[in-house]
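Dear colleague,

My notes on it follow.

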Amino acid sequence: MEDLETLRAEVIAAVEKAPDLTALDEVRVGALGKKGRVTALMKSLGGMDPETRKQAGQAMNRVKDAVAQAIEARRAALEAAELNARLARERVDVTLPVRPETAGTIHPISQTWDEVVAIFAQMGFAVAEGPDIEDDFHNFTALNFPPEHPAREMHDTFFLPERPDGTRHLLRTHTSPVQVRTMRGEAPPIRILVPGRTYRSDSDMTHTPMFHQFEGLVIDRTTHMGHLKGCLSEFVEAYFEVDSVPMRFRPSFFPFTEPSAEVDIGCSRQGGELRIGAGDDWLEILGCGMVHPNVLKACGLDPEVYQGFAFGMGLERIAMLKYGIPDLRTFFESDLRWLRHYGFAALDVPTLHGGLGR
Ligand code: 2NL
């Protein structure tokens, strides 16, 4: 009993002297931990006779509770002191000027991309994407390019180094290989929109080695050119946000479509200002046609059963037309002043009901 009283006095004195929370915890472990002094004493209960054990047990429990209580009280006091010290030390100066604005803007290419996707999604098109590095089959052969076609030349297409098996991969020159992959992998009806980066070995005022394209593809048993015209007219009116836009289809040629057409929309050019939808001038915006039977065959579809239309347009071009951007090359210069001028607020997500542009 004498020992017990000494132990209690010693431990509680140590608790009250503990200068901080770390020291307090050391005292706690030294008394109540697995190898602590109080714990050790409690273990000695096992060797006592029942009557002694009862009395000693009660006394020890009282000591243990008193120690635990003292530790809790000291902990609360130390924590309060620490908080008060921090409150005294730290100050918020509400008169400081605010931090400078660091919000970025959405690049016009991203904005236009989202707008075009929103329009075609509304018409039931699914977005399909594929690899930028392609092989000759998906980029050329399946698309009915003859073996000697100039597009297959080094000076038009970026080729990767030849591989051990003699094949050369390339950077896709259009997004059409994605449509080839879709036709070969999925059964009609197919209705896809294919946005993506494309590459050509070309660089001047109006060409950059990398640019963006959107192609569309619809394949079903009875899809015809009337559907193509309706779909494109719907797109042009939604994209340029005008009620009605005159359109004309000029005969053209692409290896992968037959017949092929280039599409012009009505516009006026007065005082250097371009207005879409009004006037007696024409502006070319995209190319299109009915998918060539050879392309259907190369993609495993029977041209006697299936037919469809396809179209393609340059994203930079339609962005320049809508947003009045005069020089193609500025898209890729990453000039912050240009981005602040032509960029879009990050929360202006294009939707058909909420408005596409700002
Ligand atoms: C243009 C013209 C076009 C296509 C792209 C296409 C794809 C397949 C089959 C048939 Cl898999 N056609 N794409 C068709 C006509 C025109 O693009 O001026 N693009 C910027």
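**Findings**

E241 is partly exposed, with a relative accessible area of 46%; here buried means under 20% relative accessible area, exposed over 50%, and partly exposed in between, with a 1.4 Å probe and protein chains only. Its place is in the loop between α8 (225–240) and β6, where helices (H or I, at least four residues) and strands (E, at least two) are DSSP runs numbered from the N terminus. The phi of E241 is near 55°, a positive value in a residue other than glycine.

Two remarks on the basis of these values are in order. The model is predicted, so local features need pLDDT of at least 70 and side-chain atom pairs count only at pLDDT 80 or more, while totals for chains, interfaces and linings use all residues. Residues are numbered from 1 along each chain as its sequence is written, and side-chain values use heavy atoms, with hydrogens and water left out.

**Domains**

The domain assignment of the protein chain gives domain 1 (2–90) and domain 2 (108–342); such bounds come from an automatic or database domain assignment. The centres of domain 1 and domain 2, taken over C-alpha atoms, are separated by 79 Å.

**Helix α5**

Helix α5 covers residues 108–122, and its 15 residues should span 21 Å at 1.5 Å a residue, which agrees with the 21 Å between its end C-alpha atoms. The expected span is 1.5 Å times one less than the number of residues. Among the buried residues of α5 are I109, V116, V117, I119 and F120. After α5 comes G124, whose phi is positive, near 95°.

Strand β7 (residues 257–270) is mostly covered, with 10 of its 14 residues buried. Strand pairing here requires that DSSP finds at least two bridges between the two strands.

- Strand β6 (residues 247–254) runs antiparallel to β7 and is joined to it by 7 bridges. S252 has S260 in β7 as its bridge partner, and β6 and β7 form a hairpin with 2 residues between them.
- Strand β9 (residues 281–291) pairs with β7 in the antiparallel sense over 9 bridges. In β9, G287 stands opposite E262.
- Strand β8 (residues 273–276) is also antiparallel to β7, with 4 bridges. The bridge partner of Q270 in β8 is E273. The hairpin of β7 and β8 has 2 residues between the strands, and in this hairpin G271 takes a positive phi near 60°.

E258 counts as partly exposed at 46% relative accessibility. Not counting residues up to four places away in sequence, E258 touches M290 and H292, contact meaning heavy atoms within 4.5 Å.

With residues up to four places away in sequence left out, S268 touches E273, L274, R275, A278, G279 and D281.

**Backbone details elsewhere**

A cis peptide bond joins P188 to P189, with omega near 5°; P189 is found in the loop between α7 (176–185) and β4 (190–199). N144 has a positive phi near 70°, in a residue other than glycine. N144 is found in the loop between α6 (136–139) and β3 (170–171) and counts as partly exposed at 22% relative accessibility.

**L296 and the cysteines**

L296 lies in helix α9 (residues 293–298) and is buried, with a relative accessible area of 2%. Leaving aside neighbours within four places in sequence, L296 is in contact with M183, I219, V291, L301, P303, Y306 and Q307. The C-alpha atoms of L296 and G308, 12 residues apart along the chain, are separated by 9.2 Å.

With a disulfide defined as a pair of cysteine sulfur atoms within 2.5 Å, the count comes to 0 disulfides. C288 is in no disulfide, and the nearest cysteine sulfur, that of C231, is 9.8 Å away. C288 counts as buried at 2% relative accessibility. C299 is likewise in no disulfide, the nearest cysteine sulfur being that of C288, 19 Å away. C299 counts as buried at 4% relative accessibility.

With kind regards
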